[in-house]
There are 2 protein chains.
Amino acid sequence: MATIVDVAKAAGVSVSTVSYALSGRRPISAATRERIHAAIDELGYRPHAGARSLASRQTRVLALAAPLRSDLYVPVIMQFVAAVATAARAHDHDVLLLMNDEGPAGLERVAGGSMVDAFVVMDVATNDPRLPVLRQLREPTVLIGLPARADGLSCVDLDWEATGRLAVQHLVDHGHTAVALVGPPPAAYERGTTYAHRFRTGFEVAAAEAGIRGLAVPCEPSHDGLAASLARVDTEQPDTTGFVVHNEPVVGTLLHALKATGREVPHDVSVVAVGPHELAEGPAIRLTSIGIPADEIGALAVEMAADLLAGRSPQTRLVAPRLVERDSCGPMRA
Amino acid sequence: MATIVDVAKAAGVSVSTVSYALSGRRPISAATRERIHAAIDELGYRPHAGARSLASRQTRVLALAAPLRSDLYVPVIMQFVAAVATAARAHDHDVLLLMNDEGPAGLERVAGGSMVDAFVVMDVATNDPRLPVLRQLREPTVLIGLPARADGLSCVDLDWEATGRLAVQHLVDHGHTAVALVGPPPAAYERGTTYAHRFRTGFEVAAAEAGIRGLAVPCEPSHDGLAASLARVDTEQPDTTGFVVHNEPVVGTLLHALKATGREVPHDVSVVAVGPHELAEGPAIRLTSIGIPADEIGALAVEMAADLLAGRSPQTRLVAPRLVERDSCGPMRA
DNA sequence: TTGAAAGCGGTACCAT
DNA sequence: ATGGTACCGCTTTCAA
């Protein structure tokens, strides 16, 4: 492997000049820069990342703590990961992948070893045990999610409460007066995953404000789970005509179950889905849906990490939900 | 941040002694080791990864090149990623995540910068443009997949051909004489993804050897795509009674479509699915399926990378498929 | 505009 | 069993 010394020799300059030519931190004459770049190309020179991080105290690597566990909807997780990785590359950073199951220890290990410049942390719980650790670290953090207390840390997420309200509002606009939320599994609520709670809160608040009935039931992501949840809705609020599904895996199942029980979408009942557009486009009936802007949020997270590295203060940004009308919502049947 | 010098001072020894106490590359008296570890704990010392990699020429980081956006079934990809990350940690390595869309350049960048010790590469195409690059690198590579020529590189994958044969054999055992493969989308075949071809080959060979009819049709992963593929089967081989689905997203759709056209599973037709067990357990009918042992393969990949780093020669390992009988296969109807 | 050289924090060789 | 120290390859101050 060619080193900076080799490049310097080949270009007939000092190593410092090569270094500066690369970093642009001091003016270099065009001619010199020319020769240096020629030498670099010829030798196939690449700076040694370790040496660089040792001398400069920055790694150009971002740690991404992701939940590779799969009680979450995997395609969306993956979209976040891809978005962060892509954005990181656009900022000339690489991504070190941390699995959430390593917990706080993993963060400390990576930070202590000076392996990364900053952290992006996904799947944040209301009182996440990683938060106190992250606050102590020398490296800045961006959370994807919104914990109870975010002081000192940047946060970015979909505005889940607004999302819940938006879903209800859409059904209200269509005249529905009894709506149900088929939500995430009980485990998601218990774990303190903030998005589950915030969405349900938005759902319930909007229903109350609109003066309609709203029933929220959690749902296990399986055929039987959906059947159980739907049965609950049919029992506790039998005249429900508007459904909000915040549980990707059961979307298809719900549609089949509704049809099987003689309810046509959108003639008899309306459905608003929350999830990626593919999910909404997949079924036979194209679903009116609210997307999860994972790409945008992931990119923002990296942007905000860059801001923190540039010395700016932590901030919280909530992305507004956007509803796409398709074919699954109609006026309430008389 | 405490450095090794601080630790040495605190323990009243030389830095080399601290270094050796940590690496275990030379004997240290129990008493000394004791004092050193006490000092380390007290100071919260962590070796600087960059300094270490500079001096030792190894990073304890593994690069994982993963397809983060594609027509592949995301949950399985994720399972591979999780398995590799977990196994890497078990080997005291971290994972640097590379997205396949960076292509060969990404590999060269990371290798050139001495950022990793080895590569694990997913989603390998028959004549993958990354292969020649990987062969040139100083760092060893393990491919998850099986390209046309694997010389110089280690490979690990499910034995897809055996998987295709196993699926057919199971249907043959139940007396079926006309079977159909609902396969991956055309794009997967065109991209030269090796598993798509190998599976179909196994399917076709086994059908031929058993003297039964076998029809393979690709399938777009959507409601309409499945409808089109099923229509093709119904036209070209109307008496088909055995289905093999090698296309996770349409499994549920296929089941509904069969029912909608009056075919009961397993009474009228049998179905063998290829994919994770959750997929097989999800639908109303529990599906007989052949799993994709992503955890095992991911762990093996890391194991094999460790082998290469230890100086052993590249090898190819194909994992045997395992079929789990559930409720979707019955004897052919008379 | 450019060069020389002192670190950065470890590892591992050479001594004792 | 332990210590001293020359690197590893780059960044950045200090000088010119």
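**Close-up views of a predicted model**

**View 1. Helix α5 (residues 74-90) and helix α14 (residues 294-309) of chain A cross at roughly 40°, their axes coming within 8 Å.** The model is predicted: local features need pLDDT of at least 70, side-chain atom pairs count only at pLDDT 80 or more, and totals for chains, interfaces and linings use all residues. Residues are numbered from 1 along each chain as its sequence is written, while chains are lettered from A and ligands numbered from 1 in the order in which they are written. Helices are DSSP runs (H or I, at least four residues), numbered from the N terminus. Axes are lines fitted to C-alpha atoms over the stretch in contact, with angles running from 0 to 180 degrees between N-to-C directions.

**View 2. Residues of α5(A) meet residues of α14(A).** In contact (C-beta atoms, placed from the backbone, within 7 Å) are A:V76, A:Q79, A:F80, A:A83, A:V84, A:A87 and A:A88 with A:A294, A:D295, A:I297, A:G298, A:A299, A:A301 and A:V302.

**View 3. In chain B, helix α5 (residues 74-90) packs against helix α14 (residues 294-309) at about 40°, with axes 8 Å apart.** This angle makes α5(B) oblique to α14(B). Among the contacting residues are B:F80 of α5(B) and B:I297 of α14(B).

**View 4. The surface near DNA strand D (C-beta atom, placed from the backbone, within 6 Å of the strand) draws its largest share, six residues, from α2(A).** At least two residues each are supplied by α2 (15-23) and α4 (49-56) of chain A and by α2 (15-23) and α4 (49-56) of chain B.

Notes
Parallel < 35°, antiparallel > 145°, perpendicular 65-115°, else oblique. Contact = placed C-beta atoms within 7 Å.
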